[in-house]
Amino acid sequence: MPSSNTDRGVILLLTLLFVGVLLTITASLLNITLKQFQLAGIAYSSEQAFQAANSGAECLQYFDKSVVDGGKFDIGAAFDTITCMGVTINSGGGAPNVVQSFEFSWGTTDNPLCTRADIYKFFDAVNPVPLVDSGGEVIRVQDCPPGVTCTVVKSRGYNTACGSIAGNPKVVEREITYVY
């Protein structure tokens, strides 16, 4: 039985609608896949920044509690250098109510990281002095019994090298603070 022009027009219309629906589904799946790649990249950058912050905090705690070095950050102690993440930094001696700040650019050439860490020791919690870290933020500390040395370690990690943080919209920062 021969088909009429009307039948062919309906078949063409149905074919175009079917192809349109398939293209819409394909575009939606592609969009979801691209969003998943973006979220995975953000999660990776966040984890890098967190690990950089954790590395800085662990390094300062190591030198603070090190039996071999005798606690490089003890109140009134003087020390020449510390080495964290393969970077050696010279610094001055410790003193009560003074923030000692360190900055480390480390990682690989293809994957540089930055860690900015501060350590602060104090004795008197009865008359606390507002403490500002190297980033300009006030560190709030817990009560410290009189005569006991308390320590605050604040470490910020970045998913890029220290020299390329300013003005970079893709920088991710994570922070860890320890009080003991």
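So, burial to start with: of the 180 residues in this protein, 31% are buried, where buried means under 20% relative accessible area, exposed means over 50%, and partly exposed is in between, with a 1.4 Å probe and protein chains only. Bear in mind that this is a predicted model, so local features need pLDDT of at least 70 and side-chain atom pairs count only at pLDDT 80 or more, while totals for chains, interfaces and linings use all residues. Residues are numbered from 1 along each chain as its sequence is written, and side-chain values use heavy atoms, with hydrogens and water left out.

As for surface, the protein exposes about 11100 Å² (Shrake-Rupley method, 1.4 Å probe; for residues, only the protein chains shown count as cover). Carbon and sulfur atoms supply 61% of that area.

Now the layout. We've got one helix and eight strands, taken as DSSP runs numbered from the N terminus, with helices being H or I of at least four residues and strands being E of at least two. The order from the N terminus is α-β-β-β-β-β-β-β-β. Take the contacts, meaning heavy atoms within 4.5 Å, between residues at least 6 apart in sequence: 51% of them join residues at least 24 apart.

Okay, charges. Side chains of opposite charge can pair when their charged atoms come close. How many salt bridges does a search of the whole structure find? Three, counting a side-chain nitrogen of Lys or Arg within 4 Å of a carboxyl oxygen of Asp or Glu.

Let's begin with R116 and E103, whose closest N and O atoms are 2.7 Å apart. That pair links distant parts of the chain, with R116 in strand 4 (residues 112–122) and E103 in strand 3 (residues 99–107), 13 residues apart. R116 is partly exposed at 24% relative accessible area, and E103 is partly exposed too, at 41%.

Next, D118 with R156: here the closest N and O atoms are 3.4 Å apart.

Last one: E175 and K154, at 3.8 Å between the closest N and O atoms. E175 belongs to strand 8 (residues 173–179) and K154 to strand 7, 21 residues apart. In this pair, E175 counts as partly exposed at 37% relative accessibility, whereas K154 counts as buried at 3%.
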